[in-house]
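Hello,

Here is the structure for you to look over. My notes follow below it.

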Amino acid sequence: METVIEVKNLRREYVTRRGIWKREKRVVKAVDGISFAVRRGEIFGLLGQNGAGKTTTIKMLTTLLAPTEGTCKVLGWNTFGEEKRIRARINFIFGGELGIYRRLSAWDNLRYFSNLYLIPRREQDAHIQKILELVDLAERADDLAETYSKGMLQRLQIARGLINDPEILFMDEPTVGLDPVGARMLRDIIRRLKEQGKTVLVTTHNLAEVEELCDRLVIINKGKVVARGTPAEIKGGAETLEDAYVKLIEGVNV
Ligand SMILES: Nc1ncnc2c1ncn2[C@@H]1O[C@H](COP(=O)(O)OP(=O)(O)O)[C@@H](O)[C@H]1O
Ligand SMILES: [Mg+2]
């Protein structure tokens, strides 16, 4: 099967300065030599505690941040140096962030982003309609986004992420802050994306979600991979995936 994401010995350090005259230098190893590969059509999970390095990894994969060291390839191209080859073919949504205009309707938001991606005008209506149906927002398409629930806003974000028909969608904590119904709708949408042949890389803290959704995953802790495999493989003999996860993290941190 075709590999669409290839990460090898990837590292990223942040250098921060503090103290008087900012003389005190501190180096944070946010991502400390991780490797994994994602195949086309997979829902792949990136798991880990707060500060584990998930967002930093996603930023490098989506060409937003340069690696300090290692290989980071998407669709066969380096995310740094060959990023122009990648950008039109991927998209991303960051959970906490709102990449949409609240004073516009869903339809007008998507029209705006279609224009940014230079989607021909005559194709826009059908394309937008299709995406709105996929994320279950067609009926509210003309209402202003500021009238939407958190779950609806999150679905509109996904719609925005689909506007360039990406082969790979990166989602950083897409269900964060959603109620159970909202989170379930989001999982349904992620499954629909898979049915359409898209590859999804998703980060989350929710282990039930991972068990239900992900084909394979890696668990990272303090910038390093501590486990990899299918949810069943990682669960092993443990009662639940959560038990296995807690054991892994505690095993590393003790
Ligand atoms: N811009 C930054 N400058 C300095 N340190 C950062 C920056 N962004 C993240 N970090 C640090 O890098 C580590 C990994 O962060 P992050 O990738 O956001 O983890 P996660 O998404 O898993 O919570 C954390 O220790 C965090 O404090
Ligand atoms: Mg994060």
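**The sheet**

E4 and E5 pair in the antiparallel sense, over two bridges. One bridge joins Lys73 to its partner in E5, Asn78. Please keep in mind that this is a predicted model.

E4 covers residues 69-74 and also pairs with E1. That pairing is antiparallel too, and runs over five bridges. In this pairing, Ile5 stands opposite Val74 of E4.

E1 (3-18) and E2 (24-39) are antiparallel as well, with 13 bridges between them. Arg18 faces Glu24 of E2. The two strands form a hairpin, with five residues between them. Gly19 sits in the turn and has a positive phi of about 85°.

Put together, four strands make an open sheet in the order E2-E1-E4-E5, with antiparallel pairing. Which strands stand at the edges? E2 and E5 do: each has a single partner strand, so one side of each has no neighbour in the sheet. As a reminder, strands of a sheet pair through backbone hydrogen bonds, either parallel or antiparallel.

**Two backbone angles to check**

Two residues other than glycine have a positive phi: Asn9, near 45°, and Leu75, at about 55°.

Asn9 belongs to strand E1. Is Asn9 buried, exposed or partly exposed? It is partly exposed, because 13 other C-beta atoms lie within 10 Å.

Leu75 is in the loop between E4 and E5, the latter being residues 77-78. Leu75 counts as partly exposed because it has 19 other C-beta atoms within 10 Å. The cut-off for buried is 20 or more.

**The ligand site**

What surrounds ligand 1? The shell consists of Tyr14, Thr16, Val28, Ala30, Gly48, Asn50, Gly51, Ala52, Gly53, Lys54, Thr55 and Thr56. By class, that is four nonpolar, seven polar and one charged.

Three elements each supply at least two residues of this shell: strand E1, strand E2 and helix H1 (54-61). H1 gives the most, with three residues.

**The nonpolar core**

The largest nonpolar core has 62 residues. Which of them touch the most other members? They are Ile131, Ala159, Phe170, Val200, Leu201 and Leu217.

Take Ile131 as an example. Leaving aside neighbours within four places in sequence, Ile131 is in contact with Leu110, Ala159, Leu162 and Ile163. One of these contacts, Ala159, is also on the list of residues that touch the most other core members.

**Helix H5 and Lys150**

Helix H5 covers residues 150-161, and Lys150 lies in it. Is Lys150 buried or exposed? Lys150 is exposed, because 12 other C-beta atoms lie within 10 Å. The cut-off for exposed is 12 or fewer.

Lys150 still has contacts from elsewhere in the chain. Beyond neighbours within four places in sequence, Lys150 is in contact with Gly177, Leu178 and Gly182. Leu116 is 34 residues away from Lys150 along the chain. The C-alpha atoms of the two are separated by 25 Å.

**In short**

The sheet has the order E2-E1-E4-E5.

Best regards

Terms used. Residues numbered from 1 in each chain as written. Chains lettered and ligands numbered in written order. Predicted model: local features only at pLDDT ≥ 70, side-chain atom pairs only at ≥ 80, totals over all residues. Core = buried A, V, L, I, M, F, W, Y, C linked by C-beta atoms within 7 Å. Contact = placed C-beta atoms within 7 Å. Near = placed C-beta within 6 Å. Nonpolar A, V, L, I, M, F, W, Y, C, P; charged D, E, K, R; others polar. Pairing = 2+ DSSP bridges.
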